[in-house]
Amino acid sequence: LYDIRAQRRPVVNAVVTETSEQIRLMDGTRLTKISICEEKPDWCVVGDAMGGVRKVDLRTGNVFGKFKHIGGSVRGCCLHRTQPFMAAASLDRYVRVYDCRSMGVVSSVYMKQRLTSLL
């Protein structure tokens with residue numbers, strides 16, 4: 001993660017492994033998407049190339065939980081501004097809406113096109 005206000009080099013080198021409960025350095029999969037919560041800017045949702053989406057505390061690096069049922073690389077993830085919901089799109093062409101408290105799927109919709117991002 002880069003903070004251009006602080007320096008031009010990375011501030012945090014974050015990699016999530018498949019079985020980790022904490023973000024580790026130097027081993028794991030490639031992170032593809034990150035979405036920071038506006039109400040609580042100390043945690044975010046991180047998507048990786050292996051189809052994992054995790055809720056992560058940015059201060060400590062601890063993983064709160066993993067959102068399941070995602071197939072393929074995560075192409076987009078977006079947190080709702082006021083409600084505890086998160087939407088994620090992946091290569092399997094489904095957009096899934098999750099409840100951030102229970103980490104369960106609320107809804108899933110099949111899209112005809114391959115998605116590249118969510119707004």
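1. A nonpolar patch on the surface is formed by Ile-34, Ile-36 and Leu-58, which together have about 240 Å² of accessible area. The coordinates are those of a predicted model. Ile-36 belongs to strand S1, residues 31–36, and is classed as partly exposed because its relative accessibility is 48%.

2. Three salt bridges are present in the structure. In one of them, the side chains of Glu-38 and Arg-81 meet at 3.6 Å, N to O. Glu-38 sits in the loop between S1 and strand S2 (43–48), and Arg-81 in the loop between strand S5 (74–79) and strand S6 (85–90), so this pair ties together parts 43 residues apart in sequence. Glu-38 is exposed at 56% relative accessible area, and Arg-81 is likewise exposed, at 60%.

3. Asp-48 pairs with Arg-54 in a salt bridge whose closest N and O atoms are 3.1 Å apart. Asp-48 is buried, with a relative accessible area of 2%; Arg-54 also counts as buried, at 3%.

4. A salt bridge links Asp-92 to Arg-96, with 2.9 Å between the closest N and O atoms. Asp-92 is partly exposed at 24% relative accessibility, whereas Arg-96 is buried at 10%.

5. Beyond four places in sequence, Asp-99 touches Phe-67, Pro-84, Phe-85, Gly-104 and Val-106.

Technical notes:
Residues are numbered from 1 along each chain as its sequence is written. This is a predicted model: local features need pLDDT of at least 70, side-chain atom pairs count only at pLDDT 80 or more; totals for chains, interfaces and linings use all residues. Side-chain values use heavy atoms; hydrogens and water are left out. Patches are made of residues with over 30% relative accessible area and no salt bridge: like charges are joined within 9 Å, nonpolar side chains (Val, Leu, Ile, Met, Phe, Trp, Tyr) within 5 Å. Accessible areas come from the Shrake-Rupley method with a 1.4 Å probe; for residues, only the protein chains shown count as cover. A salt bridge is a side-chain nitrogen of Lys or Arg within 4 Å of a carboxyl oxygen of Asp or Glu. Helices (H or I, at least four residues) and strands (E, at least two) are DSSP runs, numbered from the N terminus. Buried means under 20% relative accessible area, exposed over 50%, partly exposed in between (1.4 Å probe, protein chains only). Contact means heavy atoms within 4.5 Å.
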